[in-house]
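Please read the points below with the structure open beside you. They start with the ligand and then turn to a helix and some backbone details.

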Amino acid sequence: MKRIIVVGGGPGGYVAAIRAAQLGAEVHIVEVEAMGGTCLNVGCIPTKALLHTAELYSQLQHGKSIGLKADKVSIDWPALQSRKHAVVNKLVKGVESLLKANKVIIHRGSAVLKDIKTVEISGTEPKLITADAIILAVGSEPVQIPFPGADLTGVIDSTGALSLPKVPESMVIIGGGVIGVEFADLYSSLGCKVTVVELLPEVLPAVDVEIAGLLKQQLAKRGVSFMTGAKLTAVRHSVSGLTASITVDNKTVEIGAEYVLVAVGRKPRTAKIGLEELGVKMERGKVMVDKNFSTNIPGLYAIGDCNGQIMLAHAASAQGIAAAEHIMGHAAAYFANTIPSCIYTSPEVAGVGLTEEQVKQNEMEYKFGKFSLGGNGKSIIENGGIGLIKIIAGKKYGEILGVHMIGPRVTDMIAEAALAIRLEATVDELISTIHAHPTVSEAVGEAALAVEEMAIHWPPRVQRN
Ligand code: NAI
């Protein structure tokens with residue numbers, strides 16, 4: 001029987017372990033903290049638990065417009081924190097029981113590679129285990145930038161921002177990426193004055209420009225201030241708690257805030273686990289892998305955030321399955337072009353495939369269609385019709401190259417677009433797929449119709465004669 005050691009119990013590692021066990025391997029998994037990794041413990045799940053309540057609260061604040069009288073609604077922060085813990089604990093326990101049900105052997109402690117087949121596990125009972133293959137799934141950690149005051153109390157990262165003692169009065173967020181905007185949405189919805197400071201000319205640089213702009217507009221309406229092309233130079237103590245000095249347009253602006261949240265990206269957590277000693281090929285901390293997620297050392301694989309390809313939980317899980325299947329002698333299927341990206345703000349943002357900017361950069365011939373959710377009944381009911389769906393397709397054959405959405409429920413709706421790309425579907429095939437009415441998803445069909453200038457629920461771009 002093949003023996004496999006998986007190092008790390010996040011959505012990459014635990015999924016790889018279960019898949020390898022399904023295929024008949026003796027699987028060992030090593031985890032130093034709770035099972036579930038960043039995603040379950042201090043990432044996707046706790047943020048979404050908080051965002052869910054924040055969105056309901058925000059809707060109730062504007063209840064009159066939807067026929068609700070809710071004058072005395074308030075946030076019970078300790079109860080919300082308890083609920084967040086309860087959700088996380090339920091899922092962590094669920095992962096542990098799934099591992100046990102698949103006969104995966106769990107080791108508590110931190111792992112270091114001793115040679116290409118041996119892992120040393122330190123902990124209450126240190127031990128060495130050997131295996132035929134090792135899958136590294138050690139994840140990532142927040143990037144820390146150096147600035148005077150970086151170690152002051154109140155300067156926090158995303159983990160700290162999940163467990164504040166109360167809703168703060170004010171917060172400066174450094175970094176207008178995914179973490180930055182999700183926390184801006186969360187705390188502004190709960191009544192905190194939020195300022196987002198982004199180094200680049202626009203927030204969410206990886207997202208379709210029009211969609212990022214629409215989200216920024218919605219957050220600004222809720223009171224979030226944005227400073228772009230702006231750089232944090234220092235943080236110091238002041239009466240309001242902290243003062244952040246920001247350089248923008250060659251001027252220094254000072255902003256007082258209770259907290260300064262630094263969210264400028266994440267980096268692989270690959271130091272001090274024996275990789276350099278074994279000659280594992282790395283670049284700026286990222287473990288280099290081939291299409292099967294194998295490193296330059298035979299039998300050693302690296303999946304998820306630690307290979308730095310794409311830092312998303314569902315990508316890590318898919319890579320874990322591919323690596324386990326490759327080790328067990330199967331041909332693995334991994335289609336990176338079908339990995340959706342989702343942002344859980346209100347409205348939500350989701351995208352899959354190429355953006356229009358990328359298509360232009362690659363000098364590809366394309367056509368596109370856009371449909372405003374102002375023409376979709378269910379969206380008007382849910383959020384007043386704020387949102388947009390954009391489909392980008394090859395000019396000659398109409399194959400779907402990318403789909404980008406902002407609006408209610410789009411993080412669920414993006415699955416249809418991912419499947420369309422996986423099946424190499426064309427605009428015609430999206431058009432001839434019948435979408436239920438009334439749903440937000442009808443707008444996908446309308447956006448496909450718009451590619452061919454045939455949208456039904458939006459006036460024609462050029463007036464008919
Ligand atoms: P990010 O890479 O999404 O954004 C970081 C932002 O900080 C960028 O816009 C960058 O230009 C900016 N920046 C960098 N240095 C700066 C500086 N000195 N001053 C001001 N701005 C600066 O990284 P983020 O938001 O920290 O997220 C980390 C990872 O976690 C990402 O890979 C993200 O995709 C993932 N994540 C995914 C979520 C989801 O799928 N919903 C939720 C949260 C995180």
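1. Helix H6 gives the largest share of the shell around the ligand, 3 residues. Helices (H or I, at least four residues) and strands (E, at least two) are DSSP runs, numbered from the N terminus. Helix H6 (178-189) and strand S11 (193-198) each supply at least two residues of that shell.

2. This is a predicted model, in which local features need pLDDT of at least 70 and side-chain atom pairs count only at pLDDT 80 or more, while totals for chains, interfaces and linings use all residues. Residues are numbered from 1 along each chain as its sequence is written, and side-chain values use heavy atoms, with hydrogens and water left out.

3. There are 21 residues around the ligand, and Ile179, Glu182, Glu198, Gly265 and Cys342 come nearest. A residue is near a molecule if one of its heavy atoms lies within 4 Å of it. The shell divides into 14 nonpolar, 4 polar and 3 charged residues. Here Ala, Val, Leu, Ile, Met, Phe, Trp, Tyr, Cys and Pro count as nonpolar, Asp, Glu, Lys and Arg as charged, and the others, Gly among them, as polar.

4. Which atoms of glutamate 182 lie 3.0 Å from a nitrogen atom of the ligand? An N or O atom in the side chain does. For leucine 199, a backbone N or O atom lies 3.2 Å from a ligand nitrogen atom, and for cysteine 342 a backbone N or O atom lies 2.7 Å from one. On its own the ligand has 850 Å² of accessible area, and the protein covers 77% of this (Shrake-Rupley method, 1.4 Å probe).

5. Helix H1 (residues 13-22) is largely enclosed by the rest of the structure, because 8 of its 10 residues are buried. Buried means under 20% relative accessible area, exposed over 50%, and partly exposed in between (1.4 Å probe, protein chains only). Among the buried residues of H1 are Tyr14, Val15 and Ile18. Just after H1, glycine 24 takes a positive phi of about 100 degrees.

6. Phenylalanine 293 has a positive phi near 70 degrees and, at 2% relative accessibility, counts as buried. Glutamate 453, in the segment after H14, has a positive phi near 60 degrees and is partly exposed at 46%.

7. The peptide bond from serine 346 to proline 347 is cis, with omega near 0 degrees. Proline 347 sits in the loop between strand S21 (341-343) and strand S22 (348-353).

Terms used. Polar contact = N/O pair within 3.5 Å; in protein donor to acceptor, adjacent residues only side chain to side chain.
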